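Subject: Structure handover

Hello,

Here is the structure we talked about. Please open it first, then read on for what turned up.

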Amino acid sequence: MTGEEFRAWRDQIGWSQSTVADAFKVSRNTIQNWEASKNPLSPAVRALCDIYAREHKKRPDYGPVVLTYATGRMFRSPYSAEPGPTLK
């Protein structure tokens, strides 16, 4: 992960440099240095970003939820001769 990718990640989840610094237990200057860096960041930083991105997506206000209802069976056995469900 480069500094540019780190900045894009931070913008994607809507966190400020200070918020990321608090979450990662580093100073805001460290975050600034990471974002300005042309060198790859450590794998530990990438792992933390992945963890926080997963947790961010668990929020109830993240994205639409699609519920699917059916009046009959939704799936059929691949070994069954009867036809599967149809969409209306």
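Predicted model: local features only at pLDDT ≥ 70, side-chain atom pairs only at ≥ 80, totals over all residues.

**Overall make-up**

The protein has four helices and zero strands. From the N terminus on, the order is α-α-α-α. It has 88 residues, and 20% of them count as buried. The accessible surface is about 7100 Å². Carbon and sulfur atoms account for 55% of that surface. Take the contacts between residues at least 6 apart in sequence: 47% of them join residues at least 24 apart.

**The core**

Nonpolar side chains tend to be buried together in soluble globular proteins. Here, the largest nonpolar core has 13 residues. Which of them touch the most other members? They are Phe6, Trp9, Phe24, Trp34, Val45 and Cys49.

Setting aside neighbours within four places in sequence, Trp9 contacts Met1, Trp15, Val20, Phe24, Cys49, Tyr52 and Ala53.

**Aromatic rings**

There are eight aromatic pairs in the structure. One of them joins Trp9 and Phe24. Their ring centres are 6.0 Å apart, with 35 degrees between the planes, and the pair is tilted. Trp9 is in helix α1 and Phe24 in helix α2, 15 residues apart. Both residues are buried.

Phe24 also pairs with Trp34. That pair has its ring centres 6.3 Å apart and its planes at 50 degrees, so it counts as tilted too. Phe24 sits in helix α2 and Trp34 in helix α3, so this pair ties together parts 10 residues apart in sequence.

A single aromatic cluster takes in Phe6, Trp9, Trp15, Phe24, Trp34 and Tyr52.

**Helix α3**

Which residues of α3 are buried? They are Ile31, Trp34 and Glu35. Their arc around the axis is only 95 degrees, which puts them on the same side of α3. Residues three or four places apart in an α-helix point the same way, because there are 3.6 residues a turn. The cover over the buried residues of α3 includes α1, α2 and α4. On the face turned away from the buried side, Asn33 and Ala36 are exposed.

**Charged side chains**

Glu35 is worth a separate look. Glu35 is buried, with a relative accessible area of 14%. Arg10, in helix α1, is also buried, with a relative accessible area of 6%.

What do the side chains of Arg10 and Glu35 form? They meet in a salt bridge, 2.5 Å from N to O. Arg10 is in helix α1 and Glu35 in helix α3, so the pair ties together parts 25 residues apart in sequence. Beyond neighbours within four places in sequence, Arg10 is in contact with Trp15, Ser16, Gln17, Val20 and Glu35.

Glu35 has a salt bridge to Arg7 as well, at 4.0 Å from N to O. Glu35 belongs to helix α3 and Arg7 to helix α1, so parts 28 residues apart in sequence are tied together. Arg7 counts as partly exposed, at 39% relative accessibility.

Arg7 also meets Asp11 in a salt bridge, 3.3 Å from N to O. Asp11 and Arg7 are four residues apart in helix α1, about one helical turn. Asp11 is partly exposed, with a relative accessible area of 45%.

The count for the structure is four salt bridges. Arg7, Arg10, Asp11 and Glu35 are linked in a network of them.

**To sum up**

Phe24 pairs with Trp9, and Phe24 also pairs with Trp34. Glu35 bridges to Arg7, and Glu35 also bridges to Arg10.

Best regards

Note on methods: Residues numbered from 1 in each chain as written. Heavy atoms only, no water. Core = buried A, V, L, I, M, F, W, Y, C linked by side-chain atoms within 4.5 Å. Buried < 20%, exposed > 50% of the residue type's maximum accessible area, 1.4 Å probe, protein only. Contact = heavy atoms within 4.5 Å. Helix = DSSP H or I, 4+ residues; strand = E, 2+ residues; numbered from the N terminus. Areas by Shrake-Rupley, 256 points an atom, 1.4 Å probe, with all protein chains shown as cover. Phe/Tyr/Trp six-rings, centres within 6.5 Å; stacked < 30°, edge-to-face > 60°. Arc of directions from axis to C-beta.
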